[in-house]
Amino acid sequence: MSTRIRWLGHSCLLLETNGQNVLIDPFLTGNPKAAATAEQVPADLILISHGHGDHVGDAVAIAQRTGATVLSNYEISTWLQQAPRGLSKLHGLQHGGGYTFDSGIRVKLTLAFHGSALPDGSNGGNPCGFLITCADGIKLYDAADTGLFGDMALIGEEGLDLAILPIGDYYTMGPDDAVRAVKLLKPRFVLPIHYNTFPPITQDASAWAARVKGETPATPVVLQPGEWFEIPSKQSSGRA
Ligand code: NI
Ligand code: MN
């Protein structure tokens with residue numbers, strides 16, 4: 001059993017674990033870096049971090065096509081249930097709350113400092129990140145859209161295999177604060193997202209990765225949209 005993750009551009013990620021496809025922040029239509037289409041991407045579970053269009057994206061259409069369950073905060077979950085969206089397989093959590101699926105995947109909502117208005121102006125509650133524990137024990141933290149905050153140290157105490165961090169600046173933390181986030185989170189691996197989609201968030205991910213290598217014990221993983229990263233188990237990488 002292996003756990004791997006594919007970057008589909010911007011904040012959209014596909015996590016494949018224990019035979020399950022977990023699709024995160026599925027902004028594909030209108031995403032200039034999208035490495036998949038809303039008509040083809042697989043999903044058993046969809047996670048939405050906050051209400052902005054570049055995160056809700058194609059979630060409704062994909063959930064309708066695949067029958068996937070959608071997990072988000074309570075307000076977004078309620079909005080997804082309302083007409084004309086009409087979804088019914090929903091989990092609406094709040095910060096600090098988690099849910100363990102029959103597949104063995106556990107998702108906990110974490111803090112994020114950002115906005116969350118929905119595309120039609122509805123109240124999307126508070127933005128969040130995700131702490132995902134896979135059935136094989138692999139732990140991932142997707143910070144989603146947020147600035148740096150000190151309580152990332154508490155999330156780091158969970159023992160992270162992979163941290164997924166925005167580095168774009170402008171709407172979220174930029175490269176400098178993302179390096180500080182790595183120091184708080186202490187993950188084995190770190191994957192940058194939310195950059196180079198649009199001109200205001202242009203960044204040099206290789207330069208950032210070099211800084212992570214030099215200034216922290218974490219191993220940076222820079223992907224091109226469409227590429228996979230198989231998360232090594234703790235044993236196989238020789239680090240406890
Ligand atoms: Ni946003
Ligand atoms: Mn965003």
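Trainee: Which residues are exposed on the other side of H6?

Mentor: This is a predicted model, so keep that in mind. In it, Ser206, Lys213 and Gly214 are the exposed ones on that side of H6.

Trainee: And which residues of H6 are buried?

Mentor: Ala205, Trp208, Ala209 and Val212. Looking down the axis of H6, you find the buried residues within an arc of 100 degrees, so they line one face of the helix.

Trainee: Why would spacing like that put residues on one face?

Mentor: An α-helix has 3.6 residues a turn, so residues three or four places apart point the same way.

Trainee: What do the buried residues of H6 pack against?

Mentor: They pack against H5, E12 and E13.

Trainee: What caps the N-terminal end of H6?

Mentor: Aspartate 204 does. One of its side-chain oxygens lies 3.1 Å from the backbone nitrogen of serine 206.

Trainee: Which residue caps the N-terminal end of H3?

Mentor: Asparagine 73. Its side-chain oxygen is 3.2 Å from the backbone nitrogen of glutamate 75.

Trainee: Now the sheet. How many strands form it, and in what order?

Mentor: Seven strands, in the order E7-E8-E9-E10-E11-E12-E13. The sheet is open, and its pairing is mixed.

Trainee: Which are the edge strands?

Mentor: E7 (98-100) and E13 (219-220). Each of these pairs on one side only.

Trainee: Let's look at E11. Mostly covered or mostly open?

Mentor: Mostly covered: five of its five residues, 162-166, are buried. Both faces are covered. Leu162, Ile164 and Pro166 sit on one side, with Ala163 and Leu165 on the other.

Trainee: How many bridges join E10 to E11?

Mentor: Three, and E10 (residues 139-142) runs parallel to E11. Tyrosine 141 stands opposite alanine 163 of E11.

Trainee: And how many join E11 to E12?

Mentor: Five, and that pair is parallel too. Here isoleucine 164 faces leucine 191 in E12. Between the two strands, the chain passes through helix H5 (residues 175-185). That β-α-β crossover is right-handed.

Trainee: Metals next. What are the protein donors of the manganese ion (ligand 2)?

Mentor: Asp54 (OD), His55 (NE2), Asp145 (OD) and His194 (NE2). They lie 2.1 to 2.3 Å from the manganese ion. In sequence, the spacing of the donor residues is D-H-x89-D-x48-H.

Trainee: Is histidine 55 buried or exposed?

Mentor: Its relative accessibility is 0%, so histidine 55 counts as buried. The cut-off for buried is under 20%.

Trainee: What about histidine 194, buried or exposed?

Mentor: Histidine 194 has 1% relative accessibility, so it counts as buried.

Trainee: Last one. What does aspartate 145 bridge?

Mentor: Aspartate 145 bridges the manganese ion (ligand 2) and the nickel ion (ligand 1). Those two ions lie 3.1 Å apart.

Terms used:
Residues numbered from 1 in each chain as written. Chains lettered and ligands numbered in written order. Predicted model: local features only at pLDDT ≥ 70, side-chain atom pairs only at ≥ 80, totals over all residues. Heavy atoms only, no water. Buried < 20%, exposed > 50% of the residue type's maximum accessible area, 1.4 Å probe, protein only. Helix = DSSP H or I, 4+ residues; strand = E, 2+ residues; numbered from the N terminus. Pairing = 2+ DSSP bridges. Right-handed = clockwise from strand over helix to strand, strands pointing away. Donors = N, O, S within 2.8 Å, 3.2 Å for Na, K, Ca; no water. Polar contact = N/O pair within 3.5 Å; in protein donor to acceptor, adjacent residues only side chain to side chain. Arc of directions from axis to C-beta. Contact = heavy atoms within 4.5 Å.
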